[in-house]
Amino acid sequence: MQISSAVIFVLEDIMGNVRLVKIKKCEIFRAWRLQRKGFRETLEKYQDYKTSPATENFIKFYLKFANKAADNYRVLYNGKTAGALCIVSKPDCIWLGRFYILPEYRNKGIGQQALILAEHLYPAALRWRLDTILEEKNNIHLYEKLGYREYGEHKRISDKMTIINYEKEIE
């Protein structure tokens, strides 16, 4: 999906100090390293070495990045990389995947602003979906605050961690 630079400019002006910038192919190695940093605390907390983005090898990351249906963005806060997100266009929805804010930028409203920006970049989307960790109450609070609602069944990963699904219908 092509996004107008005018739309991005207007959204940046509204959102102030948070911007989304597409990750270029030449930046992929840096993006992979940042993903590992962004999910490190979650990995340490839940010890999920099988599915954590912090343990994803570079080849798997590259293949996801190269997916034609995926748009990968850096989240900038005051011009500095504060996180990233991947948006995948699917036939029935827009899937929000690999979304993180780096530890030093958390709890500043950056994630909320980034999601609002992302939703505005895809005005034709009728439904957004994502998954998150049930035990991560800050994530759940953020998604529910923005109108996402839980759906589907829970997927137990371990005795410490359960994955749940969220979706948001756009009217």
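Q: Which helices and strands each supply at least two residues of the lining of the largest cavity?
A: H2, S2, strand S3 (80–89) and strand S4 (94–101) each do. Helices (H or I, at least four residues) and strands (E, at least two) are DSSP runs numbered from the N terminus. This is a predicted model, in which local features need pLDDT of at least 70, side-chain atom pairs count only at pLDDT 80 or more, and totals for chains, interfaces and linings use all residues. Residues are numbered from 1 along each chain as its sequence is written, and side-chain values use heavy atoms, with hydrogens and water left out.

Q: Which strand gives the largest share of that lining?
A: S3, with 3 residues.

Q: And which residues line the largest cavity?
A: Ile23, Ala31, Gln35, Phe61, Asn72, Tyr73, Ala84, Leu85, Cys86, Arg98 and Tyr100. On a 1 Å grid over the protein atoms alone, a cavity is a set of points where a 1.4 Å probe fits but cannot get out, a pocket is an open set with protein on both sides within 12 Å along at least five of seven lines, and lining residues have an atom within 4 Å of a point.

Q: How do they divide by class?
A: Into 8 nonpolar, 2 polar and 1 charged. Ala, Val, Leu, Ile, Met, Phe, Trp, Tyr, Cys and Pro count as nonpolar, Asp, Glu, Lys and Arg as charged, and the others, Gly among them, as polar.

Q: How much space lies in the largest cavity?
A: About 60 Å³, taken as the space filled by probe spheres set on grid points joined across faces, edges and corners. The count is 3 cavities of 30 Å³ or more.

Q: What about the second largest pocket, how much space there?
A: About 200 Å³. It has 14 lining residues, and the closest to its centre are Lys22, Phe65, Ala70, Asp71 and Asn72.

Q: What gives the most to its lining?
A: S2, with 3 residues. H3 and strand S2 (70–77) each supply at least two. The whole lining has 6 nonpolar, 3 polar and 5 charged residues.

Q: Switching to helices: at what angle do H2 and H3 pack?
A: Helix H2 (residues 28–46) and helix H3 (residues 58–66) pack at about 115°, with their axes 10 Å apart. Axes are lines fitted to C-alpha atoms, for helices over the stretch in contact, and angles run from 0 to 180 degrees between N-to-C directions. H2 and H3 are therefore roughly perpendicular (65 to 115 degrees).

Q: Which residues meet there?
A: Ile28, Phe29, Ala31, Trp32 and Gln35 in H2 meet Phe58, Phe61, Tyr62 and Phe65 in H3, with contact meaning heavy atoms within 4.5 Å. That contact has 8 nonpolar, 1 polar and no charged residues.

Q: How do the axes of H4 and H5 cross?
A: At roughly 40°, with the axes of helix H4 (residues 110–121) and helix H5 (residues 137–145) coming within 11 Å. Gly111, Gln112 and Leu115 in H4 meet Leu142, Tyr143 and Lys145 in H5. By class, this contact has 3 nonpolar, 2 polar and 1 charged residues.

Notes. Angles under 35 degrees count as roughly parallel, over 145 as roughly antiparallel, 65 to 115 as roughly perpendicular and the rest as oblique.
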